[in-house]
Amino acid sequence: EIIAAKILLANGFYVYVPFRKTGPIDICAVHEDGRQYFLDIKAENWRAGTVLRPRPSRIHRVLSDVQRHLGVMIGYVHVENQTLHIPLGRGKRPIRMQ
């Protein structure tokens, strides 16, 4: 979560962290241009390639019912590269930040 907050701050976002340790949202990020994201931050993990799927694929997490209702998105942090990846759904370009 700290890496994601650092990346968001570097990209011009105001970052807010909830007081509770557990909950549906890890980070609230608001940009001056009006963009706002409620994020559940996860470490990026990859599934190894197999015979049926030769290329590795990202392991996608599932939102809870409460998170879907609140409009939460999952942000994947690549720890080594210090990047944040926020998928927006099928057919939409994901948000990538460094």
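## Gln-36 and the chain around it

Leaving aside residues up to four places away in sequence, Gln-36 is in contact with Ala-29 and Val-30. The model examined here is predicted. Gln-36 belongs to strand 3, which spans residues 36–43. Is this residue, Gln-36, buried or exposed? Gln-36 counts as exposed because its relative accessible area is 53%, and the term applies to values over 50%. Leu-84 stands 48 residues from Gln-36 along the chain, and the C-alpha atoms of Gln-36 and Leu-84 are 15 Å apart.

Along the principal axes, the C-alpha atoms occupy a box of roughly 45 × 30 × 30 Å.

The table lists values for the chain as a whole.

| Property of the chain | Value |
|---|---|
| Buried share of the 98 residues | 32% |
| Accessible surface | about 7,200 Å² |
| Share of accessible surface from carbon and sulfur atoms | 55% |

The contacts of the chain can be described by sequence separation. Where contacting residues are at least 6 apart in sequence, 37% of the contacts join residues at least 24 apart.

Charge is the last topic. The chain carries 15 positive and 8 negative side chains. Between the centres of these two sets the distance is 8 Å.

Notes:
Residues numbered from 1 in each chain as written. Predicted model: local features only at pLDDT ≥ 70, side-chain atom pairs only at ≥ 80, totals over all residues. Heavy atoms only, no water. Buried < 20%, exposed > 50% of the residue type's maximum accessible area, 1.4 Å probe, protein only. Contact = heavy atoms within 4.5 Å. Areas by Shrake-Rupley, 256 points an atom, 1.4 Å probe, with all protein chains shown as cover. Lys, Arg positive; Asp, Glu negative; His and termini not counted. Charge placed at Lys NZ, Arg CZ, Asp CG, Glu CD. Helix = DSSP H or I, 4+ residues; strand = E, 2+ residues; numbered from the N terminus.
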